[in-house]
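Open your viewer and get ready to select residues by number. We will go stop by stop, with a short note on what to find at each one.

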Amino acid sequence: MTDDTFIQGPLYEKRRKVYPQSVHGRFRRIKWAILCVTLGAYYLLPFVRWNRGPGLPDQAVLIDLPHRRFYFFFIELWPQEVYYFTGLLIIAAMTLFLMNAVAGRLWCGYMCPQTVWTDLFYAVERWVEGDRRERMQGDKRYWTFDHIRKVALKHFLWIMIAWWTGGAWVLYFADAPTLVKELATFQAPFIAYLWIGILTATTYVFAGHAREQMCIYMCPWPRIQAALTDEWALNVTYRLDRGEPRMSVKKADAARAHGDPAGDCVDCHQCINVCPTGVDIRHGIQLGCIQCGLCIDACDNVMGEIGRPAGLIGYDTDINMQRRREGKAPIYRIIRPRTLIYAAAIAVVGSIMLYKLATRATMDVSVLHERNPLFVQLSDGGVRNDYTVRILNKGAQRSFALEVSGLPGAISRVAGVENSPGGKPIIEVGQDQTREVRLSVQVGPGDLPKASRDIDIAITDTDTAGGGRASARDHFVPGD
């Protein structure tokens, strides 16, 4: 027995080029609306302005890497607040799970970037080369001048879209109008040109050439969602009980006249022709089906032309397929334990994030006890401990009074900062900045505690009425 004994055929299936046909209908209109909204937001959002006051960027959405800030309209996030992004990732995951539990691959069919950009590339292809039949005929006579001209124009437009896609992405990392001017005059940083080139290439390849192969072979979500779906989830479904047996309109009419069974499906292949991944939905739910609903529009149009009711293909559940075979009325359960759990998780995480945003402080303090030495024995018998205090100011420039509590008789001083008449060091911190100071806490021999004692080091905003307060806990070492 040789190693070839078990090889039944090629390991990889040769790609069959898909030529999706244009279609009109409710789901196609929904896809166009989502495409316009999402791409419009992506391309134009970097140019939207938002006034945050003097000294702060006025771009509504900005990832400011040099200053380690993320701005989203009225929200400003610091690196320490990365947990907000963790929360967003959890919400995104739960939303995907909820979509899948309600109506299958809604994300894939309508909102996935691969779907949106591929739809746009297909629209350009149809505008330049014509619809399905014209494109297939053009590929057969590839080397004609007219076909070469159309293909060249199509690829030029694809590259322009891909180029602007990459260009729009880098605008989220710098002031958009300024960066556009620098890019146009070749004065922008090399990293900007590099990322524009990378994203131009990936968009052009993925949306223009890989297309359905991204969904079928490269994307992990179809395999994940197959494990998450259940019999109550709505999926694009061919209703076998109504469509079979398939036959032409004339044969179906003749069969019905003789009392023989005849399905509504006329085997026109329109559902296959409009599918962006080339799936025949009549074979049931498949890995390649992205649940975009275009086959529903195509089938409904055919049913309308031959005078039969719409809905031969539609969003339906496995439960209802079985119930119709048994002559029972369909039932739908959007609200069930699975969807309630996902919705509750989204609500809980979202509420926590909103609460944190609404109550978060614009100031913070952290303390680090000096380790070498832990304490300094003074000539009068007292002891001094030193600390590095970092003050974080997320607002406008202001002053903070530093106070040490929990240690009676302690005297606190900050290097390079004079104490106020009240005996507290006053430290100025610039707008959206942090400042480190060296704090010395000294206790005389009569007030020394017998053992290490916890102390609170607090800062109070002195420039705002009823100013906020933040504190950190450390310890004071009294010596040997």
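**Stop 1: two domains.** Colour residues 13–360 as domain 1 and residues 363–476 as domain 2. These bounds come from an automatic or database domain assignment. Their C-alpha centres lie 56 Å apart.

Two notes before you move on. This is a predicted model, in which local features need pLDDT of at least 70 and side-chain atom pairs count only at pLDDT 80 or more, while totals for chains, interfaces and linings use all residues. Residues are numbered from 1 along each chain as its sequence is written, and side-chain values use heavy atoms, with hydrogens and water left out.

Stop 2: The size of an interface is often given as the accessible area lost when the parts come together. Here the buried area is about 530 Å². That is the accessible area (1.4 Å probe) the two parts lose on being put together, summed over both. Carbon and sulfur atoms give 46% of this area.

**Stop 3: a bridge between domains.** How many salt bridges are there between domain 1 and domain 2? The count is 1. A salt bridge puts a side-chain nitrogen of Lys or Arg within 4 Å of a carboxyl oxygen of Asp or Glu. Select Glu81 and Lys394: their side chains meet in a salt bridge at 2.8 Å, N to O.

Stop 4: Side chains of opposite charge can pair when their charged atoms come close. The structure holds 37 salt bridges.

- Arg324 and Asp316 pair at 1.9 Å, N to O. Asp316 is buried, with a relative accessible area of 1%. Arg324 is partly exposed, at 21%. Buried means under 20% relative accessible area, exposed over 50%, and partly exposed in between (1.4 Å probe, protein chains only).
- Glu326 and Lys328 pair at 3.3 Å, N to O. Glu326 is partly exposed at 44%, and Lys328 is partly exposed at 43%.
- Arg398 and Asp461 pair at 3.1 Å, N to O.

**Stop 5: the cysteines.** A disulfide is a covalent bond between the sulfur atoms of two cysteines. The rule used here asks for a pair of cysteine sulfur atoms within 2.5 Å. By this rule there are 0 disulfides. Select Cys112: the nearest cysteine sulfur, in Cys108, is 6.1 Å away. Cys112 counts as buried, at 18% relative accessibility. Now select Cys219. Cys219 counts as partly exposed, at 27% relative accessibility.
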